[in-house]
Amino acid sequence: MELLEAIRSRRSVHEYKEEKVDEGVLERIFAESAWAPNHRMKEPWQIRLYQDNGKIGYAQAVMESYQRQGFFDGYEEDKTNRLQEGIRDFLMNIPHHALIYMERDEDVRKYEEDYAAVCAYIQNVQLLAWEAGVGVLWTTSPYLHDAQFSEAIGLDSRHFKLVSVLQMGYPKRIPKPKMRTPIHHKLDLHDGNEKS
């Protein structure tokens, strides 16, 4: 697959087939993505992959976070139970959840550089996964900002920043493309010939 084709054809996937992605394919995706630009060759990204029975504890931590944040407030008990069961089933039916996180740096500039590098890494994951026929959804769900969620999965939120959870699997359905804004609406060129 040509690079431009991969960039243009990649989609955020919301529905997955039940089958797992081969471990070797996932390892290759995560390994090759490390060629992302990163300052001081720090390679700040860390990956925790939840799959199979590992998804049970992860899904439970997500549900508890949603409860703390009031997602189910105002509903009758029966409705709340159905909502919770639906979300839990949805999470369990996704073959792989890749939690991407990084160590926090007290230096704001270095922290931002690390965050940018992790985002570049994630985009590499998306493109390499797409090339391998694997769909990805880059999520920034509210529980990633919940310190108790971090603690529940064994990460100290004072030391680690949860950047994203990548939902991964073979696509059941590929969304239609959404048009992008023409670049002349975004690009402000300054070449010294501007009129004052």
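Rings of Phe, Tyr and Trp are taken to pair if their centres lie within 6.5 Å, with planes under 30 degrees apart counted as stacked and planes over 60 degrees apart as edge-to-face. By this rule, the count in the structure comes to 8 aromatic pairs. The model examined here is a predicted one.

One of these pairs is formed by Y50 and Y58, whose ring centres are 4.9 Å apart. The planes of the two rings stand at 25 degrees, and the pair is therefore stacked, since the limit for this class is under 30 degrees. Both Y50 and Y58 are buried. A second pair consists of Y101 and F160, with ring centres separated by 5.6 Å. Here the planes make an angle of 80 degrees, so the arrangement is edge-to-face. Y101 belongs to strand β2 (residues 96-103) and F160 to strand β4 (residues 160-169); the contact therefore ties together parts that lie 59 residues apart in sequence. The two partners can also be described by their accessibility. Y101 has a relative accessible area of 10% and is buried, because the term applies to values under 20%. F160, with a relative accessible area of 24%, is partly exposed. Ring pairs also link Y50, Y58, Y66, F71, Y143 and F149 into a cluster.

The strands were considered next. An open sheet is formed by 4 strands, arranged in the order β1-β2-β4-β3 with antiparallel pairing. Its edges are β1 (46-51) and β3 (135-139), each of which pairs on one side only. On average, neighbouring strands of the sheet are turned by 25 degrees against each other when direction is ignored.

With a relative accessible area of 30%, R88 is partly exposed. R88 and Y143 are 55 residues apart along the chain, and 14 Å separates their C-alpha atoms. Y143 is one of the residues in the cluster of linked rings described above.

Finally, the open spaces of the model were considered. The largest pocket contains about 500 Å³ of space. Of the 13 residues that line this pocket, R8, R10, R11, K178 and R180 are the closest to its centre. Sorted by class, the lining comprises 6 charged, 4 nonpolar and 3 polar residues.

Technical notes
Residues numbered from 1 in each chain as written. Predicted model: local features only at pLDDT ≥ 70, side-chain atom pairs only at ≥ 80, totals over all residues. Heavy atoms only, no water. 1 Å grid on protein atoms, 1.4 Å probe; cavity = no way out; pocket = protein on both sides within 12 Å on 5 of 7 lines; lining within 4 Å. Points joined across faces, edges and corners; volume = space filled by probe spheres on them. Nonpolar A, V, L, I, M, F, W, Y, C, P; charged D, E, K, R; others polar. Phe/Tyr/Trp six-rings, centres within 6.5 Å; stacked < 30°, edge-to-face > 60°. Buried < 20%, exposed > 50% of the residue type's maximum accessible area, 1.4 Å probe, protein only. Helix = DSSP H or I, 4+ residues; strand = E, 2+ residues; numbered from the N terminus. Pairing = 2+ DSSP bridges. Axes fitted to C-alpha atoms, helices over the stretch in contact; angles between N-to-C directions.
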